[in-house]
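Please walk me through this structure. Start with the sheet, then turn to the helices and the chain as a whole.

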Amino acid sequence: MADDGRRTSVLIVEDHQVVAEGLAALINDQTDMRVVGHAGSVAESVARAAELKPDLVVVDFRLTDGTGADAAAAIRQMRPETKLIFLTREDSDAARFAALESGASAFIHKSRAAQEVVDAIRKVANGASLFTPRSIAQLLNSRREVESQLERLTPREKEVLRMMAEGMASRDIAKRLGISYTTVRTHIRSLGSKLAVHSKLEAIVKARELGLVE
C-alpha cells in the first residue's frame, strides 16, 4: 500500500478518545501513513469505512456495541481489500482467534512500544501478516480444546459455572435457577471433575477461557 509513493490511509476504531488521539498523532508523524478518520463503535466503524475507504483499520477489541471482531468482519465483507490490525488490552486466546477469524493481519497488546505499532502498520500495509503459522496452529489447538470442554458440559452446568464466575454463592445460584442447594453442589462437583474447577478464582479463569463471561 505504501510502496507506490502515497501514504497508507488509516481508520482508527477506538472508543477512548484520548487513546485514539494519541494513536492518531503517532501515525500522522510518519511520512508514509496518515489517519483519515476515527470511529468509536461497531456501527460507526462500518459507516466510516464505507465513506473513507481506508487502506488499513486499527481496531480495539472492546467497543461499546460489540467487539472489534464484529467491526472487522463487517468491514471486510464490505471491503475485502482493507487490512486489519487489532490494538487492544485484551489478552485471551479467544480474542486472538476472533481477530484471526475476522481477517486481521496482526494482534498487538496496547502495552507494546509505539515503534512496534508503527512497524506493524507498515508491514501489514505492504501485505504481511504478523500471525505466524505456529501462532495460528496454537490458536486452532486452543480453540479445539475449548470446544471439546464446552461439549462436555450440560446447559445447566454452563449456567452454574457462569454464575460462579460472576461471584454468586451456591445458595444464590440455587435460588436464581429454582433448584435445590444440593443440586447446585452436584453441578459444582461435576464441573470439578470435568474442568478441574474447585474455587471461585478457577471458575472465573475457566469461564473466561470458554467464553461464558467477558
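**A tour of the chain**

Strands β1 and β3 run parallel and pair over four bridges. Two strands count as paired if DSSP finds at least two bridges between them. Strands here are DSSP runs of E with at least two residues, helices are runs of H or I with at least four, and both are numbered from the N terminus. In this pairing Val10 stands opposite Leu56 of β3.

A word on the source. This is a predicted model, in which local features need pLDDT of at least 70 and side-chain atom pairs count only at pLDDT 80 or more, while totals for chains, interfaces and linings use all residues. Residues are numbered from 1 along each chain as its sequence is written, and side-chain values use heavy atoms, with hydrogens and water left out.

Now widen the view. β1 and β3 belong to an open sheet of five strands with parallel pairing, in the order β2-β1-β3-β6-β7. β2 (33-39) and β7 (106-109) are the edges; each has a single partner strand, so one side of each lacks a neighbour in the sheet. Neighbouring strands are turned by 25° against each other on average, direction ignored. Such angles are taken between lines fitted to C-alpha atoms, for helices over the stretch in contact, and run from 0 to 180 degrees between N-to-C directions.

β1 (residues 8-13) also pairs with β2, in the parallel sense over six bridges. There Leu11 stands opposite Gly37. Val58 stands opposite Ile85 in β6.

Which way do the side chains of β3 point? Leu56 and Val58 point one way, Val57 and Val59 the other, and all are buried. Buried means under 20% relative accessible area, with a 1.4 Å probe and protein chains only. In a regular strand the side chains alternate between the two faces of the sheet.

Helix α3 (residues 68-78) lies across β3 (56-59) and β6 (83-88), at about 170° to β6.

Next, helix α7 (residues 155-165). Its buried residues include Val160, Leu161 and Met164. The buried residues of α7 pack against α6 (133-152), α8 (170-177), α9 (181-195) and α10 (200-209). Gly167 follows α7 and has a positive phi, near 95°.

Finally, the whole chain. It holds ten helices and seven strands. Of its 214 residues, 45% are buried. The C-alpha trace spans about 70 × 35 × 30 Å along its principal axes.

Note on methods: Buried means under 20% relative accessible area, exposed over 50%, partly exposed in between (1.4 Å probe, protein chains only). Contact means heavy atoms within 4.5 Å.
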